[in-house]
Amino acid sequence: KGNEHEGEIIFTFEANGDDFILYSIKDEAFAAKIDENGGLKPVEEDEWKLIEKIYNEYLEDEEGKEDE
């Protein structure tokens, strides 16, 4: 079992039948898959491009909201 840390959920999303979470701990961002029990699993290497794309779209959307 891993260590427990307090962090902030940035957002969650579903892609290719899997649930993902992006979260931050002490201003550092992380990503993980959410398993069927609600636990976190490492992201597969081939999934990082998808996560980066969705995260960048999220950042662009947030920047647009700040400009309004």
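The legends below describe close-up views of one predicted model. Local features require pLDDT of at least 70 and side-chain atom pairs count only at pLDDT 80 or more, while totals for chains, interfaces and linings use all residues. Residues are numbered from 1 along each chain as its sequence is written, and side-chain values use heavy atoms, with hydrogens and water left out.

**View 1. Four strands form an open, antiparallel sheet.**
The order of the strands is β1-β2-β3-β4. Helices (H or I, at least four residues) and strands (E, at least two) are DSSP runs, numbered from the N terminus. Two strands pair if DSSP finds at least two bridges between them. β1 and β4 stand at the edges, each with a single partner strand, so one side of each has no neighbour in the sheet.

**View 2. β1 and β2 form a hairpin with two residues between the strands.**
Seven bridges join β1 and β2 in the antiparallel sense. Phe13 has Phe20 in β2 as its bridge partner, and Glu14 has Asp19 in β2. In this hairpin, Asn16 takes a positive phi near 55 degrees.

**View 3. The largest nonpolar core has nine residues.**
A nonpolar core is a set of buried Ala, Val, Leu, Ile, Met, Phe, Trp, Tyr and Cys residues joined through side-chain atoms within 4.5 Å. Buried means under 20% relative accessible area, exposed means over 50%, and partly exposed lies in between (1.4 Å probe, protein chains only). The members are Phe11, Phe13, Ala15, Phe20, Leu22, Ala31, Val43, Ile51 and Ile54. At least two residues of this core come from each of β1 (8-15), β2 (18-25) and α1 (48-67). β1 gives the largest share, three residues. Not counting residues up to four places away in sequence, Ala15 touches Phe20 and Leu50 (contact means heavy atoms within 4.5 Å).

**View 4. Salt bridges that share partners join Asp18, Lys33 and Glu47 into one network.**
Side chains of opposite charge can pair when their charged atoms come close. A salt bridge is a side-chain nitrogen of Lys or Arg within 4 Å of a carboxyl oxygen of Asp or Glu. Lys33 meets Asp18 at 3.7 Å, N to O. This pair links Lys33 in strand β3 with Asp18 in strand β2, 15 residues apart. Lys33 also meets Glu47 at 3.2 Å, N to O. Here strand β3 is linked to the loop between β4 and α1, where Glu47 lies, 14 residues from Lys33. Both Lys33 and Glu47 are buried, whereas Asp18 is partly exposed, with a relative accessible area of 26%.

Glu57 is partly exposed, with a relative accessible area of 41%. The structure holds three salt bridges.

**View 5. The loop between β3 (28-34) and β4 (40-41) contains Asp35 and Glu36.**
Asp35 is buried yet has no salt bridge; Lys41, the nearest side chain of opposite charge, is 6.1 Å away. A polar atom of the Asp35 side chain lies 2.7 Å from the backbone nitrogen of Gly39. Glu36 counts as exposed because its relative accessibility is 73%. The C-alpha atoms of Glu36 and Asp19 are separated by 9.1 Å, the two residues being 17 residues apart along the chain.

How values were computed
Lys, Arg positive; Asp, Glu negative; His and termini not counted. Polar contact = N/O pair within 3.5 Å; in protein donor to acceptor, adjacent residues only side chain to side chain.
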